[in-house]
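Please keep the sequence and the structure in view while reading.

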Amino acid sequence: MDKPEILYMVVPCYNEQEVLHETARQLKEKYTTLIQQKLISPKSRVVFVNDGSKDTTWQIIQELHAESPEFFSGINLAHNSGHQNAVLAGLMTVKDICDMAITMDADLQDDINTIDAMVKEYYNGNQVVYGVRSARKTDTFFKRFTAESFYKFMKVMGADVVYNHADFRLMSKRVLQELGNFREVNLFLRGMIPTIGFQSCNVYYERHERFAGESKYPLKKMLAFAINGITSFSTKPLKMITSLGFIMFVISIVAFIWSFIVKVAGLSIDGWSSTMCSVWLIGGLQLLCLGIIGEYVGKIYAEVKQRPRFIVADFINDTEKI
């Protein structure tokens, strides 16, 4: 490399007042080291994105910027837009003033020391560098089982996702520019980034326990996130409905022929249970199919409205102001 390039860290924050000071301290130390090693430019910044927090998160971000404007910047969204939209808001805000950007959560579960390896892989020619968990020792059995099942199920459903990768990744300026061309409202960045292409690689790290505060992704949100990912990047559920409908059609013909033969042979006995079972089976399958179709129709409804995915209320940065 001729000279170190500009790295912007995008850190989405929602009610992170308990952990934000420690996250800032560790990132400042890491940036200082990377600048001294001439791996990144002194113009590099850490951008905290306040996603409509109800606590003092935005006030802390403003204080961090006031104390160290050469390290910290802040984006304040007008309202809570969700984790994926907060990440995208940060990336789209800084894409024209950086050479590369890394996204990571504020809870310090992602290993900050992995940033060194990501930057080096970028200089080796990789446009996207995925942070992949090498182990889930800190997770409970239930958390580990559901998370691993999620990635496997996404693969089966046809979504191109990196196994055990969340949203800890580095992207080059070129990738950020291409990401800006994606206009869908229902965001699933883990599936969107691999579809962009370009040379990529994985770096592996061991995930830590959350430093402080509570998880912002309980089971309910994780299930909603999984459904959004599947319906945003795969049409297999629709194809499964077609296959299921064909199978039920064949079974119904066989059942009709069998009933006719039994009737002609005089072996049939009028029964209420068989009728009700048939009604419930067919009715249940119909409702299931309608529910899956409804997910896709709902996404079409959201997409055609073309509402903004996020609204930036404030952007504090010592070199750029909006």
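A nonpolar core is a set of buried Ala, Val, Leu, Ile, Met, Phe, Trp, Tyr and Cys residues joined through side-chain atoms within 4.5 Å. Buried means under 20% relative accessible area, exposed over 50%, and partly exposed in between (1.4 Å probe, protein chains only). The model is predicted: local features need pLDDT of at least 70, side-chain atom pairs count only at pLDDT 80 or more, and totals for chains, interfaces and linings use all residues. Residues are numbered from 1 along each chain as its sequence is written, and side-chain values use heavy atoms, leaving out hydrogens and water.

The largest nonpolar core has 37 residues, of which Leu 27, Phe 48 and Ile 115 touch the most other members. Helices (H or I, at least four residues) and strands (E, at least two) are DSSP runs, numbered from the N terminus.

His 83 belongs to helix α3 (residues 83–94). Between His 83 and Val 49 there are 9.8 Å in space, C-alpha to C-alpha, although they are 34 residues apart in sequence.

Elsewhere, Val 297 is found in helix α10 (residues 272–305). Val 297 counts as partly exposed because its relative accessibility is 48%.
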